[in-house]
Amino acid sequence: YALAQGVSEGAGQVEELLGLKIDADGLTFQVRTGGCTRPENFRVQRFGKAPVRLLLTRTVGDPCEVFIPYGTTFTVSYTQLRLADRETFVVVNPIATARVVNLP
């Protein structure tokens, strides 16, 4: 499955996040893009039990070269992440520290 249809398992490059927002709709990831990044280019891997560890990996590189300083965002629902109501989790991706970027 692609991320847009659910959570996929598999290899990929660990994505450094520009930002992360957690709300009632799910998790919104902010990632770098050159203009060609799509939600289907990512997978979320699950590890362990409570708290479940979530790791976002990029499975397809972005060959485009448009300057988009704030990257792009996409939201993944709790259902897509296969997280039960009130199930605890942590996102283990590194957060970019070269500059502070807030989700728009």
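Residues are numbered from 1 along the chain as its sequence is written. In this predicted model, local features need pLDDT of at least 70, side-chain atom pairs count only at pLDDT 80 or more, totals for chains, interfaces and linings use all residues, and side-chain values use heavy atoms, with hydrogens and water left out.

**Exercise 1. Overall make-up**

Task: State how many helices and strands the chain has, and what percentage of its residues is buried.

Solution: 
- Step 1. Helices (H or I, at least four residues) and strands (E, at least two) are DSSP runs, numbered from the N terminus.
- Step 2. The chain has 0 helices and 7 strands, and its pattern along the sequence is β-β-β-β-β-β-β.
- Step 3. Buried means under 20% relative accessible area, exposed over 50%, and partly exposed in between (1.4 Å probe, protein chains only). Of the 104 residues in the chain, 37% are buried.
- Step 4. A contact means heavy atoms within 4.5 Å. Among contacts in the chain with a separation of 6 or more, 76% come from residues 24 or more positions apart.

**Exercise 2. The surroundings of strand E3**

Task: Find which strands pair with E3 (residues 26-31), in which sense, and how many of its residues are buried.

Solution: 
- Step 1. Two strands pair if DSSP finds at least two bridges between them.
- Step 2. Strand E2 (residues 19-23) runs antiparallel to E3, joined by 5 bridges. Leucine 20 has phenylalanine 29 as its bridge partner in E3. Between E2 and E3, which form a hairpin, there are 2 residues.
- Step 3. Strand E6 (residues 72-76) also pairs with E3 in the antiparallel sense, over 5 bridges. Here glutamine 30 stands opposite threonine 73 in E6.
- Step 4. In E3, 6 of the 6 residues are buried, so the strand is largely enclosed by the rest of the structure.

**Exercise 3. Aromatic pairs**

Task: Give the number of aromatic pairs, then describe the pair of phenylalanine 29 and phenylalanine 74 and the pair of tyrosine 78 and phenylalanine 89.

Solution: 
- Step 1. Rings of Phe, Tyr and Trp (its six-membered ring) pair if their centres lie within 6.5 Å; planes under 30 degrees apart count as stacked, over 60 as edge-to-face and the rest as tilted.
- Step 2. There are 3 aromatic pairs in the structure. Phenylalanine 29 and phenylalanine 74 make a tilted pair, 5.7 Å centre to centre with 40° between the planes.
- Step 3. Phenylalanine 29 is in strand E3 and phenylalanine 74 in strand E6, so this pair ties together parts 45 residues apart in sequence. Phenylalanine 29 is buried at 1% relative accessible area, and phenylalanine 74 is buried at 8%.
- Step 4. Tyrosine 78 and phenylalanine 89 make a tilted pair, with 6.3 Å centre to centre and 55° between the planes. Tyrosine 78 lies in the loop between E6 and strand E7 (89-91) and phenylalanine 89 in E7, so the pair ties together parts 11 residues apart in sequence. Tyrosine 78 is partly exposed, at 24% relative accessibility.
- Step 5. One aromatic cluster is formed by Phe29, Phe42 and Phe74.

**Exercise 4. Asparagine 93**

Task: Is asparagine 93 buried or exposed, and which backbone oxygens does its side chain reach?

Solution: 
- Step 1. Asparagine 93 lies in the segment after E7 and is buried, at 6% relative accessibility.
- Step 2. Not counting residues up to four places away in sequence, asparagine 93 touches Val14, Glu15, Leu17, Leu54, Leu55 and Leu56. From leucine 17 it is 76 residues away in sequence and 6.7 Å in space, C-alpha to C-alpha.
- Step 3. The asparagine 93 side chain reaches the backbone oxygen of glutamate 15 at 2.7 Å and that of leucine 56 at 2.7 Å.

Key. A polar contact is a pair of N or O atoms within 3.5 Å; within protein, one must be able to donate a hydrogen and the other to accept it, and residues adjacent in sequence count only if both atoms are side-chain atoms.
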